[in-house]
Structure formats: C-alpha cells, structure tokens
Amino acid sequence: MPRHQLATGQLHDHMLRCARRTGGIALFSPIDIVFTEHNVLQPDICFFQASRRHFVTPDKAIRVAQTSSSR
C-alpha cells in the first residue's frame, strides 16, 4: 500500500530539514545499522544527531555500540 511510502517520505523530509538545521543526518532504507554480528537493524528511516554523525561514513557499514536503550 502506498500509504506507508507516503508517510515515510513525509517523515524523511521533516527529518532532513531538521538535520540541515542541526548538523545531523537523515537516512532512508535500505540501510543497515550493525549493533553486533547477530543484531542488525534495517529501519525505514533513521536520524543521527550531530554528535553521533561520526558513525556514518560513505564507504563503511554503520556500526553502533549496543546500549540498553538500543536493544
């Protein structure tokens, strides 16, 4: 159903504007976020605030240390 794509498109647009204002970064699927070898997340949309933007590099997988809030 297109409803999901329309909603995620609008949400990504809002997140992208916020990222431009704050120095963050907004990404959309397909993108993997690797917490551990057996814990990989593929969100529809993700946002990294400026202080965590260093996790995102053009030529490497996004690897983020797993915390209790990301489980």
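**Strand pairing and overall make-up of the predicted chain**

Strand β2 (residues 33-36) pairs with β5 in the parallel sense, over 2 bridges. Two strands count as paired if DSSP finds at least two bridges between them. Ile33 has Ile62 of β5 as its bridge partner. The model is predicted: local features need pLDDT of at least 70, side-chain atom pairs count only at pLDDT 80 or more, and totals for chains, interfaces and linings use all residues. Residues are numbered from 1 along each chain as its sequence is written, and side-chain values use heavy atoms, with hydrogens and water left out.

The open sheet holds 3 strands in the order β3-β2-β5, with mixed pairing. β3 (39-41) and β5 (62-63) stand at the edges; each has a single partner strand, so one side of each lacks a neighbour in the sheet.

The protein chain contains 1 helix and 5 strands. Helices (H or I, at least four residues) and strands (E, at least two) are DSSP runs, numbered from the N terminus. From that end, the elements run α-β-β-β-β-β.

The C-alpha trace spans about 30 × 30 × 25 Å along its principal axes. Of the 71 residues, 24% are buried (under 20% relative accessible area, 1.4 Å probe, protein chains only). The accessible surface comes to about 5500 Å² (Shrake-Rupley method, 1.4 Å probe). Carbon and sulfur atoms account for 55% of that surface. Among contacts (heavy atoms within 4.5 Å) with a separation of 6 or more, 43% link residues 24 or more positions apart.

Conventions: Buried means under 20% relative accessible area, exposed over 50%, partly exposed in between (1.4 Å probe, protein chains only).
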